Amino acid sequence: MIERVTPMEVYQQLLGHYGEQGWWPADTAFEMMVGAILTQNTSWTNVEKALHNLREAEVLDVQGLATCHKESLEKWLRPAGFFRQKSQRLLELCHFYLERGGIEGMRRWPMKSLRARLLDVHGVGPETADSILLYGIEKPIFVVDSYTKRTFHRLGILPETISEYDAVQHFFQQRISSTLVVYKELHALIVTHAKAHCRSKPQCHDCPLLKHCVYGLKAQAGDDVG
DNA sequence: ACCCAGGGTCATA
DNA sequence: TATGACCATGGG
C-alpha cells in the first residue's frame, strides 16, 4: 500500500524497479537538441527513424543541418511527422545554436535568461526548452510533460488544480532534491514507466507504483485510482 | 477505422 | 485564461 507518497518516494520506487535510465539517448548535445524537436507529440521510434536518416546523410550536426537543402531535410524528417514544421524549427535551432556559441557558449549563460532566449525560438516551448537545458546544457531544471501530469494527478500527489506548466514545475522543484541526476532520472523514469503501460500491456502485475499503476491512456469512469 | 505519440502555435471567445 | 484546429507519420 502506498498512502500519501511523496514525489521523492515515487522516484525511489521507479528507480528501484526500472534502474538508472541514463537519459538523454544521444551521442552529442546537439543531437539531443535535434531529438527534442523531433519528439514533439511524436513516438520515439518514429524519431529514431528520422535520426537514422540524418546520420546516414551525414547531416546530424549544426553545419550539416544549417546548409542542406530544405526539401532533402523534409524528406529525411518525414517518418517523424510534422516534417514541414520540424524542418523549419531545426533550422531556427541551428541559428540559435551558432549565435550562442554552441553548447559551451550556452553553458556560460545564467539558466533563467538562457531559458527565456530558448523560448524566443519559434517552435521551442517550455518542455522542449527545459529538456535542452537539463539534458543538453546540464542545468538543474525539472522537465514537465503530459505523462508527469497524468501520472501524478492519478496518484493523488499533484492536485488537479495545478496543471499549468510553470506551476507543475514549481510543485516538483519544491519537493525533489535539486540535483542534476535526480531531475534527469525522474523525468526519464516517468516516461519509461508510462511507456511500460501502453495499452498492449495494461495489467502491470509487478508495477512499482502498485495499485496506482493501473491506468489507461485515458481517464475512465469508475477508475478509482487515487 | 479508430486512438495515441517524450508539443507548440495560432485564432477565437 | 481557456478551449479547439492544425500540423503528419507509424504502430497498436
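## Exercises on a predicted protein–DNA model

By class, 9 nonpolar, 12 polar and 4 charged residues make up the surface near DNA strand B. Here Ala, Val, Leu, Ile, Met, Phe, Trp, Tyr, Cys and Pro count as nonpolar, Asp, Glu, Lys and Arg as charged, and the others, Gly among them, as polar. This is a predicted model: local features need pLDDT of at least 70, side-chain atom pairs count only at pLDDT 80 or more, and totals for chains, interfaces and linings use all residues. Residues are numbered from 1 along each chain as its sequence is written, while chains are lettered from A and ligands numbered from 1 in the order in which they are written.

**Exercise 1.** Find the residues that come nearest to DNA strand B.

*Solution.* Start with the cut-off: a residue is near a strand if its C-beta atom, placed from the backbone, lies within 6 Å of it. Next, look at the elements. Two or more residues each come from α9 and α12 (180-196). Helix α9 gives the largest share, 4 residues. Helices are DSSP runs (H or I, at least four residues), numbered from the N terminus.

**Exercise 2.** Sort the residues of helix α8 (residues 111-120) by burial.

*Solution.* Apply the limits: buried means 20 or more other C-beta atoms within 10 Å of the residue's own, exposed means 12 or fewer, and partly exposed lies in between; C-beta atoms are placed from the backbone. Leu114, Arg115 and Leu118 are buried. They fall within an arc of 105° seen down the axis of α8, so they line one face of the helix. The arc is that of the directions from the helix axis to the C-beta atoms. The face turned away carries the exposed Lys112, Ser113, Ala116 and Asp120. Finally, the buried residues of α8 pack against α7 (102-107) and α9 (126-136). Contact requires C-beta atoms, placed from the backbone, within 7 Å.

Technical notes: Two residues are in contact if their C-beta atoms, placed from the backbone, lie within 7 Å.
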